[in-house]
Amino acid sequence: MAGMRVSAPGKVILHGEHAVVYGKTAIAVSVGLRTTMDIKAVTDHVILLMPDLNKSYSWPTEQLQSLALLTNIPSQENPQPAPPEVLTKIRQFLTNSVSVDPDNGVISFLYLYLSLLPHCPPLSARITSDIPIGAGLGSSAAMSVCFASGLLLYGRNGNKTVLTNRNGTKDDNENVNKSVGENGNSSMEKLGSQFDLSTKEK
């Protein structure tokens, strides 16, 4: 099976970064820096490569199938926050398997993998980014968009190149992070609403 690629841009909030959590308007734009994830089929393992952080992870699919039974993540028609007890079990699994305090990004990857691909197919995911970490440019949001969209589309198709371009909503300032990261243009946001400032044709 051929591989696939997803990509999401960074963002900068021009106005209202803190006020948005109180229901005020924020203006955000995407920037010309992107996070990219390549996924391809492999044999027997799930591999997560993060070369920018000099980290790599590999788990036999049998281990992840056991973790899926242990976490028992229910299928959901609508996205829901990850239950704390499920995240605790994933963290314990990672602590035992890699013998170091697990990175939150890896916990997120495994939660989404188990949620979106409960049959635990073997795959390799390699994520790289032009977005500097800790600079307020949405590196975490872009990584989250790549994890979620990449695993979802891989489960559905497993054979496409995609630049993420989807609407998303969440009732806090992450609404801005995710919607700019997913749309890749400008947006003006209030809680629970979105105004698209893009010049793209609808």
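Is arginine 5 buried, partly exposed or exposed, and what is its relative accessibility? Arginine 5 comes out as partly exposed, at 39% (buried is under 20% relative accessible area, exposed over 50%, partly exposed in between, with a 1.4 Å probe and protein chains only). Everything here comes from a predicted model, where local features need pLDDT of at least 70, side-chain atom pairs count only at pLDDT 80 or more, and totals for chains, interfaces and linings use all residues. Residues are numbered from 1 along each chain as its sequence is written, and side-chain values use heavy atoms, leaving out hydrogens and water.

**View A. Aspartate 38 pairs with arginine 5 in a salt bridge.** That term means a side-chain nitrogen of Lys or Arg within 4 Å of a carboxyl oxygen of Asp or Glu. Here the closest N and O atoms sit 2.6 Å apart. Aspartate 38 belongs to strand 2 (residues 26-40) and arginine 5 to strand 1 (residues 4-15), so the pair ties together parts 33 residues apart in sequence. Strands are DSSP runs of E, at least two residues, and helices runs of H or I, at least four, numbered from the N terminus. Aspartate 38 is partly exposed too, with 24% relative accessible area.

**View B. Lysine 55 forms a salt bridge with aspartate 103.** The closest N and O atoms are 3.8 Å apart. Lysine 55 is in strand 4 (residues 55-60), while aspartate 103 lies in the loop between helix 2 (84-98) and helix 3 (104-116), 48 residues apart. Both partners are partly exposed: lysine 55 at 33%, aspartate 103 at 25%.
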